Amino acid sequence: MGEEARVSPLKNFVAGGVAGACLLLAGHPLDTIKVRLQTQPKAPCAQYVLYRGTYDCFRKTVTKEGVLGLYKGMGAPLAGVAPMMAISFFGFGLGKQLQQPDPNKPLTHTQIFLSGCLGGVFTTVIVAPGERIKCLLQVQASGGSSRYAGPVDCAIRLYKTQGIRSVYKGTVLTLIRDVPSNGLYFLTYEFLKNFLTPEGQSVSQLSTPKILLAGGIAGILNWTIALPPDVLKSNFQTAPDGKYRGVVDVLRTLLREEGPKSLYKGFNAVFLRAFPANAACFLGFEMALKGLNAFAPSL
Ligand SMILES: CC(=O)O[C@H](CC(=O)[O-])C[N+](C)(C)C
């Protein structure tokens with residue numbers, strides 16, 4: 001695919017951390033809205049619905065909790081998203097390196113997709129507990145209760161009451177969400193980078209607007225397949241213990257109670273966030289990588 005430079009999983013790791021910080025700063029407010037919409041209690045009739053949509057949720061959150069309300073639950077992701085993206089980019093780089101013994105031989109689309117999937121497998125170790133804690137905090141804030149004082153308190157209480165299984169509740173759904181979507185994410189970005197590079201130029205010279213465009217579209221496509229399992233995951237991770245017997249049970253219950261449209265709950269918030277957050281993410285990655293290539297070329 002016209003990739004020229006030697007892939008360094010280590011550089012990918014560091015630059016991926018920077019990418020994660022950019023992703024979070026640009027995207028967390030809309031993530032809060034997404035989780036609140038996805039998990040709001042089912043109302044007996046339209047009149048009693050807590051949030052009528054993305055804008056209504058945004059307005060009510062800001063009115064009731066101030067702008068900082070949109071950044072609720074950011075403690076866990078702050079400690080989680082930068083490492084998560086670092087691991088994701090590392091796994092992607094490692095997957096590429098393992099499949100590309102000769103750096104001059106371009107990888108196929110399938111190989112790039114599989115490299116991205118590897119990143120998704122690696123990240124689940126920290127994403128599953130991070131998402132469990134983040135979703136519980138986001139939902140408790142919208143429900144008006146304050147059972148957990150913060151991410152650390154939440155993690156300790158989950159662990160103390162039901163052990164590590166409770167902290168890792170939702171792991172299978174996290175894998176279902178993140179493995180294929182990670183593959184599509186990186187494949188889309190690499191494909192668009194090559195597609196947008198003018199004939200005879202190097203992909204490493206791609207302009208900032210084109211990087212933003214490729215990153216934004218990669219984010220959108222990633223969420224197109226990640227959203228249905230994400231809805232199931234958010235509901236499963238925030239449900240009282242024993243409410244669902246497993247992954248299939250959440251799916252069946254949601255389809256029975258709210259219909260197939262419920263699998264795309266939070267659609268507007270997700271897609272409003274996906275473009276800017278992932279555009280910022282890939283721009284952060286490319287800038288950090290450039291810096292590393294200049295200051296630590298042998299890393
Ligand atoms: C589904 C998801 O978490 O996507 C990440 C980007 C985002 O918008 O949060 C990227 N990645 C698939 C690499 C985890």
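User: How much of residues 107-128 is helix, and how far apart are the end C-alpha atoms?

Analyst: In this predicted model, where local features need pLDDT of at least 70, side-chain atom pairs count only at pLDDT 80 or more and totals for chains, interfaces and linings use all residues, the span is 91% helix and 0% strand, with its end C-alpha atoms 30 Å apart. Residues are numbered from 1 along each chain as its sequence is written, and side-chain values use heavy atoms, leaving out hydrogens and water. Helices (H or I, at least four residues) and strands (E, at least two) are DSSP runs, numbered from the N terminus.

User: Which residues does UniProt call "transmembrane region"?

Analyst: The unreviewed UniProt entry places this feature at residues 12-30, 74-95 and 107-128, and such annotations may be inferred rather than shown by experiment. Residues 12-30 are 100% helix and 0% strand, with end C-alpha atoms 26 Å apart.

User: Why are H1 and H10 called roughly antiparallel?

Analyst: The axes of H1 (residues 9-39) and H10 (residues 267-295) come within 7 Å and cross at roughly 160 degrees. Angles run from 0 to 180 degrees between N-to-C directions, and those over 145 count as roughly antiparallel, so the two helices are roughly antiparallel to each other. Their contact has 20 nonpolar, 6 polar and 4 charged residues, where Ala, Val, Leu, Ile, Met, Phe, Trp, Tyr, Cys and Pro count as nonpolar, Asp, Glu, Lys and Arg as charged, and the others as polar.

User: What makes the space of about 680 Å³ a pocket, and which residues are closest to its centre?

Analyst: A pocket is an open set of points on a 1 Å grid with protein on both sides within 12 Å along at least five of seven lines, and lining residues have an atom within 4 Å of a point, whereas a cavity is a set where a 1.4 Å probe fits but cannot get out. The largest pocket has a volume of about 680 Å³; of its 35 lining residues, Val81, Met84, Val127, Glu131 and Arg177 are closest to the centre. H3 supplies the largest share, 9 residues, and the lining divides into 17 nonpolar, 11 polar and 7 charged residues.

User: How many cavities of 30 Å³ or more does the search find, and what lines the largest?

Analyst: The search of the whole structure finds 1 such cavity, and about 50 Å³ of space lies in the largest cavity. Its lining consists of Tyr189, Lys193, Val203, Ser204, Leu206, Ile211, Glu286 and Lys290, with H7 and H10 each giving two or more residues. By class, these are 4 nonpolar, 1 polar and 3 charged.

Technical notes. Angles under 35 degrees count as roughly parallel, over 145 as roughly antiparallel, 65 to 115 as roughly perpendicular and the rest as oblique. Grid points are joined across faces, edges and corners, and a volume is the space filled by probe spheres set on the points.
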